[in-house]
Amino acid sequence: MFRSNHLDDALEGADVVVMAVVSGGVEGVTKLALPGIAKAKALWLTSKGFCKFPDGRIEQLPTAIRQIGRDEGYTVPPIVAIAGPVKANECAARKPTATIFGCKDGELALKYACAAYRKLCDRCHG
């Protein structure tokens, strides 16, 4: 368990960083975690929504994260947005759900989707 002032230690050596915070926290968490995020091969983003900047601009979260990285002098790795519809009660009841992995690089999205679901993915692990 790491506190926010030890994010560098928490992310040391991580190939993938997973950001799963409410949309209002994405800007702050991104700024805190940028040194570790920049060293990773990918950023998985499960947060939904938009980021409103102080100048009034409103951006989708991946665009906002890349902009924050540039503003802070970091290069953000590819962002893989992970979305549903997947509801906790449906998962608990073992009902079918669908998870979507989206990225500007479709092959990268597929790579991580296969890795996350390796037991279910015939294409990569069949």
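Q: In which sense do E1 and E2 pair, and over how many bridges?
A: Strand E1 (residues 16–19) pairs with E2 in the parallel sense, over 4 bridges. Two strands pair if DSSP finds at least two bridges between them. Helices (H or I, at least four residues) and strands (E, at least two) are DSSP runs, numbered from the N terminus. This is a predicted model, in which local features need pLDDT of at least 70 and side-chain atom pairs count only at pLDDT 80 or more, whereas totals for chains, interfaces and linings use all residues. Residues are numbered from 1 along each chain as its sequence is written, and side-chain values use heavy atoms, with hydrogens and water left out.

Q: What stands opposite Ala42?
A: Val16 stands opposite Ala42 in E2.

Q: How does E2 pair with E5?
A: E2 and strand E5 (residues 79–83) pair in the parallel sense over 3 bridges. Leu43 stands opposite Ile79 in E5.

Q: Which way do the E2 side chains point, and are they buried or exposed?
A: Ala42 and Trp44 point one way from E2 (residues 42–45), Leu43 and Leu45 the other way, and all are buried. Buried means under 20% relative accessible area, exposed over 50%, and partly exposed in between (1.4 Å probe, protein chains only).

Q: Turning to the rings, how many aromatic pairs are there?
A: The count is 2 aromatic pairs. Rings of Phe, Tyr and Trp (its six-membered ring) pair if their centres lie within 6.5 Å; planes under 30 degrees apart count as stacked, over 60 as edge-to-face and the rest as tilted.

Q: Why is Trp44 with Phe101 edge-to-face?
A: Their ring centres are 6.0 Å apart and the planes stand at 90 degrees, so the pair is edge-to-face. Trp44 lies in strand E2 and Phe101 in strand E6 (residues 100–102), so the pair ties together parts 57 residues apart in sequence.

Q: What about Trp44 and Tyr112?
A: Trp44 and Tyr112 also form an edge-to-face pair, at 5.5 Å centre to centre with 75 degrees between the planes. Tyr112 lies in helix H5 and Trp44 in strand E2, so this pair ties together parts 68 residues apart in sequence.

Q: Which residues do the ring pairs link into a cluster?
A: Trp44, Phe101 and Tyr112.
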